[in-house]
Amino acid sequence: MNNKVVTRKKNFFSFRNQLLLTLLIGFFIGYFHIGAIQDIVENAQVIAGLINYENLTPQIYFQKNLWSLPPQICSLFLFLGMSEEQLNLLVTGGVGALSFLSIFILFTSFKKELSWYDFLFPVIFFSYKLFNFAPTYDISLMDTFATSGVIGFSVSVLIIGLFLRRSFRSGLFLLGLLPSIHPVWSFWMAIICLIMLFTNRYDYWLSVVKNKWYLITGLILSLISALIFLKFQMVESPWVSDQSERLIAIFKRDWEVHRVGFDLKNYITLFWGIGIYSFLISSIEKKPVRRILQILTYTSILFYLISFIFHSMNTSSLMFQRFHNLPIFIMSIYVFSCLFSSRVYTSLMLVGFSFLAFYYSGYKRSDELINIFKFNAIVYTTVLYLFFTLMKVKGLVFKFDDKSDIAINRGMNSFLAILIIVVLYKGYGVEIINTDLAFSYNKKAISNYHSNAFFKQVSEENGVIVSCPNCRHVQYLTKNPVLIEVDTMDDLSYFPSISSRFNEIMKDIYGYGFADRPDSWGNQVHIPENAIQELWEKRSKEDWKRLSYAYTFKGIITPIEWNLKLDITYKDAKYIYYRIEN
């Protein structure tokens, strides 16, 4: 009897190894390249008790009264001694890893078989902004300060990918945890998952019932997070007014940038996209993939109609326009998965992308390509996919023998290798390869009172600060409480009870109450910086003292170019701090 031991050849590019590589690449790019101060780090400062809001200001409600698990976890790191700068780097790396993971899981769930280069797809997808075709609400993956929205969106995409891969344990656990990560996204995902269950085969129900404890575990953790929030974070408003309802209605109509509605151009884009999607969906062979894309597309139409018909109702907190991004994002990944699934299609596509990489990256950085490339990319790849699909249906695709197929595969691998090298080295700049330079750049972008001499001096003032428009994250930078931050006023929709106080501060300090917004400003900016500069530079020292006494603030931060009628206390190359002596 022949007792030969059969040894299976190990595949370095197995699914598990590619998943780990995806996480590492995402973390690397987020940690070393994305120099953005994350909003949840400011939330964590307040939750951890590092900022003393002894005199209540409206800003504390934006920091403490928004329920979310990620800031709670971050506050533990701060409580245990980690600095805000270190935590910010950890968050940007973690968000990068999560974003790339969600793309990889969804991308591979669409493909019939795994290819060795699949872990590199998120790099291409992110580098060329091949995802941001949203009608109104930008899709961000890691290159933003809005951490909660990015995490909520990425987890939602990840849940769908896990369900398509039939990884019900992980998918159900994240679905249960999602309410504590982003309540609005959990609302949308609950609807989507219910529709998926009701419209799929019976075995989906059996899988969910079998793994229900993973969902229950996630829900229990969400409940614990909510109880901690209610017990230790919630702050009651002392400024409740009978004018709150009227003021918040004016604010939503005239001031809110975060929840803008559709215009005619967006209608055309949306319905043009739905027509293309419907055509593509009809050609999908994998039934679960076809079903989820049908659900997402037609649910998006339903939610759009609801938001259009009931526009006057108070539905802005549900952010219908944000949900429309989900089918757009997923369909973009699906189109590329089709192209990557065929050696012929992939080699042709990579020839084009390699050419673009060589042509553009020598002259422009990747962030300058958005206006040129973001719309054309989806159009060209969709047309390319449709063209080859029709050729396949008509039997017009050339048949290759084994030798030709091998040659095409080798050529494809070469193009892919060139593309990735060029994108990393030129598209992002040499700093992403040279980690010392990258780390230095990132540290400078997020430096605060720990490492910046100016902010360290301001942090020792220990008083409430008034900040100018576009002076964002002053609390993070100075470790001092802030009266209000104009750039975060969109959160006011969640706290109508403080709208009267917020309106008073806006009118007295910034010169514009909710009813005073000029039409010329448009809806893409809260307050133009030049409008405030002129007002503040005319204001006398006595006026500033009167306002300081009325609203209990101690100092003002402005850009270096501003010249207030106050004595300069500290300044650096970018900012000036004025202390107000009462």
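Q: What counts as buried, partly exposed or exposed here?
A: Buried means under 20% relative accessible area, exposed means over 50%, and partly exposed lies in between (1.4 Å probe, protein chains only). This is a predicted model, in which local features need pLDDT of at least 70 and side-chain atom pairs pLDDT 80 or more, while totals for chains, interfaces and linings use all residues. Residues are numbered from 1 along each chain as its sequence is written, and side-chain values use heavy atoms, without hydrogens or water.

Q: OK, salt bridges. How many in the whole structure?
A: The search finds 7. Each is a Lys or Arg side-chain nitrogen within 4 Å of an Asp or Glu carboxyl oxygen.

Q: Start with R501. Which residue does it pair with?
A: R501 pairs with E504. Their closest N and O atoms are 3.6 Å apart.

Q: Where do those two sit?
A: Both are in helix α23, residues 499–510. They are 3 residues apart, about one turn of the helix. Helices are DSSP runs of H or I with at least four residues, strands are runs of E with at least two, and numbering starts at the N terminus.

Q: R501, buried or exposed?
A: R501 counts as buried, because its relative accessibility is 19%.

Q: And why is E504 called partly exposed?
A: Because E504 has 38% relative accessibility.

Q: Next pair. What does K541 meet?
A: The K541 side chain meets that of D567 in a salt bridge, with 3.6 Å from N to O. This pair links distant parts of the chain, 26 residues apart. K541 is in helix α25 (541–551). D567 is in the loop between β2 (555–559) and β3.

Q: How accessible are K541 and D567?
A: K541 is at 31% relative accessibility, so it counts as partly exposed. D567 is at 55%, so it counts as exposed.

Q: You mentioned β3. Which strand does it pair with?
A: β3 (568–571) pairs with β4 (575–579) in the antiparallel sense, over 3 bridges. Pairing needs at least two DSSP bridges between the strands.

Q: What joins β3 to β4?
A: A hairpin does, through 3 residues.

Q: What stands opposite Y570?
A: Y577 in β4.

Q: Back to charges. What about R579?
A: R579 forms a salt bridge with E581, and the closest N and O atoms are 3.3 Å apart. There is also a network of salt bridges here, linking E461, R579 and E581.

Q: Switching to cysteines. How many disulfides?
A: The structure holds 1. The test is two cysteine sulfur atoms within 2.5 Å.

Q: Which cysteines form it?
A: C468 and C471, with their sulfur atoms 2.1 Å apart.

Q: Left-handed or right-handed?
A: The C468 and C471 link is right-handed, with 45° about the S-S bond.

Q: Are C468 and C471 buried or exposed?
A: C468 has a relative accessible area of 2%, so it is buried. C471 has 4%, so C471 is buried too.

Q: What about C74 and C193, buried or exposed?
A: C74 is at 7% relative accessibility, so C74 counts as buried. C193 is at 4%, so C193 also counts as buried.
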